[in-house]
Amino acid sequence: MHQQHGKAAAPVQVVSLLFTGLGIRAHADGRTGREAWRLIRERHPRLALAAGAYALTLGGLAAAALVRLL
């Protein structure tokens, strides 16, 4: 693949979220943790909102299960 002279190459953007039963792990352009979440919120706000909704739902289900057991 050849680059044209005078044009800058577009930056590579890799964003992934891993949803598990224990939580959510974020990766963005090789970064993890808070910096990855910051990048995801800036570039993909709907994805960040969906991840937050998932976390709230998971927390609500865990709280409901705990209350049910007591």
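Which residue's side chain meets that of E42 in a salt bridge? The partner is R38, with an N to O distance of 3.0 Å. Point 5 returns to this pair.

1. Basis of the model. The structure is a predicted model, in which local features need pLDDT of at least 70 and side-chain atom pairs count only at pLDDT 80 or more, while totals for chains, interfaces and linings use all residues. Residues are numbered from 1 along each chain as its sequence is written, and side-chain values use heavy atoms, with hydrogens and water left out.

2. Confidence. The mean pLDDT (the predictor's confidence in each residue, from 0 to 100) of the protein chain is 82, and 83% of the residues score at least 70. Among the elements, strand 3 (residues 31–32) has the lowest mean, 83, and helix 2 has the highest, 90.

3. Secondary structure. The protein chain has two helices and three strands, in the order β-β-β-α-α along the sequence. Helices (H or I, at least four residues) and strands (E, at least two) are DSSP runs, numbered from the N terminus. Strand 1 (residues 15–20) and strand 2 (residues 23–28) run antiparallel and are joined by six bridges; two strands pair if DSSP finds at least two bridges between them. These two strands form a hairpin, with two residues between them.

4. Nonpolar core. The largest nonpolar core consists of eight residues: L17, A26, A28, A36, L39, I40, A48 and A51. Strand 2, helix 1 (34–43) and helix 2 (45–69) each give two or more residues to this core, and helix 1 gives the most, with three. A nonpolar core here is a set of buried Ala, Val, Leu, Ile, Met, Phe, Trp, Tyr and Cys residues joined through side-chain atoms within 4.5 Å. Buried means under 20% relative accessible area, exposed means over 50%, and partly exposed lies in between (1.4 Å probe, protein chains only). Buried residues make up 13% of the 70 residues in the protein chain. With neighbours within four places in sequence left aside, I40 is in contact (heavy atoms within 4.5 Å) with V15, L17, A26, H27, A28, P45, L47 and A48. Of the contacts in the protein chain with a separation of 6 or more, 34% are between residues 24 or more positions apart.

5. Salt bridges. Side chains of opposite charge can pair when their charged atoms come close. The criterion is a side-chain nitrogen of Lys or Arg within 4 Å of a carboxyl oxygen of Asp or Glu, and a search of the whole structure finds four salt bridges. One of them joins E35 to R31, with the closest N and O atoms 2.9 Å apart. E35 also forms a salt bridge with R38, where the closest N and O atoms are 3.9 Å apart. R38 and E35 both lie in helix 1, three residues apart, about one turn of the helix. For the pair E42 and R38, the N to O distance is 3.0 Å; these residues are four apart in helix 1, so about one helical turn separates them. Through shared partners, salt bridges join R31, E35, R38 and E42 into one network.

6. E35 is partly exposed, with a relative accessible area of 37%. R31 is partly exposed at 34%, and R38 also counts as partly exposed, at 34% relative accessibility. E42 counts as exposed, because its relative accessibility is 52%.

7. Aromatic pair. Rings of Phe, Tyr and Trp (its six-membered ring) pair if their centres lie within 6.5 Å; planes under 30 degrees apart count as stacked, over 60 as edge-to-face and the rest as tilted. The count by this rule is one aromatic pair. The ring centres of F19 and Y54 are 4.9 Å apart and the planes are at 80°, so the pair is edge-to-face. The pair links distant parts of the chain, with F19 in strand 1 and Y54 in helix 2, 35 residues apart. F19 counts as partly exposed at 38% relative accessibility, and Y54 counts as partly exposed at 28%.

8. Backbone at D29. Phi of D29 is near 50°, a positive value in a residue other than glycine. D29 is placed in the loop between strand 2 and strand 3. At 25% relative accessibility, D29 counts as partly exposed.
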